Amino acid sequence: HSKEKGGSVAHFFNESMRNKYEDRLLIENSLRLVVDKGDFDLYYQPKFQFGKITSMEALIRWIDPELGFVSPGTFIPIAEEIGLILQIDRWSLIHACKQNKEWQDQGYPKIPVSVNISAKQFQQDSLVSMVKEALEVSGLAPEYIKLEITESVFIKNLDYVANIVKQLKEIGVKISIDDFGKGYSSLYPLLQLPIDEIKIDRQFISDIDQMMKKSRLVQSILSMAKGLQLNVVAEGIETIGEKNTLMQMGCDELQGYLFSPPVNAQEMETLLSEYLSKKYI
Ligand code: C2E
Ligand code: MG
Ligand code: MG
Ligand code: MG
């Protein structure tokens with residue numbers, strides 16, 4: 001009997017393993033096709049300061065005809081592994097620049113856009129030329145671009161990364177550290193590199209109004225950031241309590257489902273046109 005049971009467990013295990021493997025292959029193959037066609041969509045999530053939109057973040061969206069919606073949390077790491085991330089980030093960057101310029105030309109308020117850039121871009125020499133290309137083809141002024149990079153960029157080759165960051169700053173774009181505090185959190189890059197902004201990771205934000213230790217930690221991050229004249233964004237704000245706490249602490253910009261989820265370009269236009277008249281939460 002136990003052998004039978006073991007057999008069925010093993011069978012179940014193999015089956016789920018096989019499905020995972022097949023899913024992964026499906027995603028890889030579909031991803032190669034969509035990257036060639038550039039058939040993604042770009043969503044935008046606004047960031048707020050005293051109830052007004054001050055900037056926005058571009059977030060890639062992929063709806064596959066067969067797989068349906070595949071979240072970037074799933075396909076970005078796969079794209080990094082199979083060598084497609086350079087093309088994906090290039091698509092996001094160029095698309096975000098063109099859209100931002102178009103909005104400015106149409107008379108919408110001039111608001112910068114942040115674009116997520118994979119750490120893998122820092123292993124190539126192409127990032128600087130990619131940024132130049134995006135600014136050229138869009139005609140967007142560089143001060144409207146912020147590049148969101150994660151701390152893992154700084155793990156090795158700090159000198160090499162510093163050189164790329166320096167070139168990016170010379171072009172005139174801004175640099176933000178995404179998911180700050182989540183990973184290895186060395187403070188050394190903040191000392192050595194001309195970073196403009198940190199985005200405090202959601203795990204430090206959730207329930208901050210109910211957790212003394214968390215709020216003290218974030219308060220300390222904020223005073224450090226102020227001392228270094230960094231712009232501070234809190235990501236993933238979902239409740240009024242979290243919002244109130246972070247506003248009281250003097251956090252510069254707030255972002256999260258409480259204010260708005262990421263929305264498509266058309267919905268973003270509605271938010272932007274309400275920009276001057278309507279006060280958000
Ligand atoms: P991220 O840059 O840290 O973006 C924040 C993620 O949190 C987004 O997920 C956003 O939709 C989600 N979010 C925003 N507000 C809230 C909230 O209040 N609660 C919760 N639970 N989540 C919230 P999304 O769009 O699924 O993107 C996931 C990650 O994929 C991003 O994390 C970013 O690292 C990456 N990504 C997205 N687009 C690109 C891209 O074009 N290039 C690269 N390299 N990475 C990208
Ligand atoms: Mg981001
Ligand atoms: Mg990111
Ligand atoms: Mg983040």
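View 1. A pocket here is an open set of points on a 1 Å grid over the protein atoms alone, where a 1.4 Å probe fits, with protein on both sides within 12 Å along at least five of seven lines. Lining residues have an atom within 4 Å of a point. Volume is the space filled by probe spheres set on the points, and grid points are joined across faces, edges and corners. This is a predicted model: local features need pLDDT of at least 70, side-chain atom pairs count only at pLDDT 80 or more, and totals for chains, interfaces and linings use all residues. Residues are numbered from 1 along each chain as its sequence is written, chains are lettered from A and ligands numbered from 1 in the order in which they are written, and side-chain values use heavy atoms, with hydrogens and water left out.

The lining includes Leu26, Ser30, Leu33, Val34 and Lys37, as well as Trp62, Ile63 and Asp64. Helix α1 (2–37) and strand β2 each supply at least two lining residues. The largest share, 5 residues, comes from α1. By type, the lining divides into 7 nonpolar, 1 polar and 4 charged residues. Nonpolar covers Ala, Val, Leu, Ile, Met, Phe, Trp, Tyr, Cys and Pro; charged covers Asp, Glu, Lys and Arg; the others, Gly among them, are polar. Helices (H or I, at least four residues) and strands (E, at least two) are DSSP runs, numbered from the N terminus.

**View 2. The largest pocket.** The largest pocket holds about 1200 Å³ of space. Its lining has 41 residues, and Glu57, Leu59, Asn116, Asp178 and Asp179 are the closest to its centre. β1 (41–49), β2, α2 (72–81), α3 (85–105), β4, β5 and β6 each give at least two lining residues. The lining splits into 15 nonpolar, 12 polar and 14 charged residues.

**View 3. The magnesium ion (ligand 2).** Glu57 (OE), Asn116 (OD1), Glu148 (OE) and Asp178 (OD) coordinate the magnesium ion (ligand 2) at 2.0 to 2.3 Å. Along the chain, these donors follow the spacing E-x58-N-x31-E-x29-D. Glu57 in strand β2 (residues 52–64) and Glu148 in strand β5 (residues 145–150) are 91 residues apart, so this pair links distant parts of the chain. Donors are N, O and S atoms within 2.8 Å of the metal (3.2 Å for Na, K and Ca); water is not among the atoms, so sites may look incomplete. Glu57 is buried at 4% relative accessible area, and Glu148 is buried at 2%. Buried means under 20% relative accessible area, exposed over 50%, and partly exposed in between (1.4 Å probe, protein chains only).

**View 4. Lys199 beside Glu57.** The side chains of Lys199 and Glu57 make a polar contact at 2.8 Å. A polar contact is a pair of N or O atoms within 3.5 Å; within protein, one must be able to donate a hydrogen and the other to accept it, and residues adjacent in sequence count only if both atoms are side-chain atoms. Lys199 sits in strand β7 (residues 197–200). Lys199 counts as buried, at 0% relative accessibility.

**View 5. The magnesium ion (ligand 3).** Asn116 (OD1) and Asp178 (OD) coordinate the magnesium ion (ligand 3) at 2.2 to 2.5 Å. Asn116 lies in strand β4 (residues 113–116) and Asp178 in strand β6 (residues 174–180), 62 residues apart. Asn116 also bridges to the magnesium ion (ligand 2), and the two ions lie 3.3 Å apart. Asn116 is partly exposed at 24% relative accessibility, whereas Asp178 is buried at 6%.

View 6. Asp179 is in strand β6 and Glu235 in the loop between β8 (231–234) and α8 (240–248), so the pair ties together parts 56 residues apart in sequence. Asp179 is partly exposed at 21%, and Glu235 is buried at 12%.

**View 7. Surroundings of ligand 1.** Ligand 1 has 23 residues around it, and Asp89, Ser92, Asn116, Glu238 and Tyr257 come nearest. A residue is near a molecule if one of its heavy atoms lies within 4 Å of it. A polar side-chain atom of Glu238 is 2.5 Å from a nitrogen atom of ligand 1. An N or O atom in the side chain of Gln45 is 3.1 Å from a nitrogen atom of ligand 1. Asp179 places a polar side-chain atom 3.1 Å from an oxygen atom of ligand 1.
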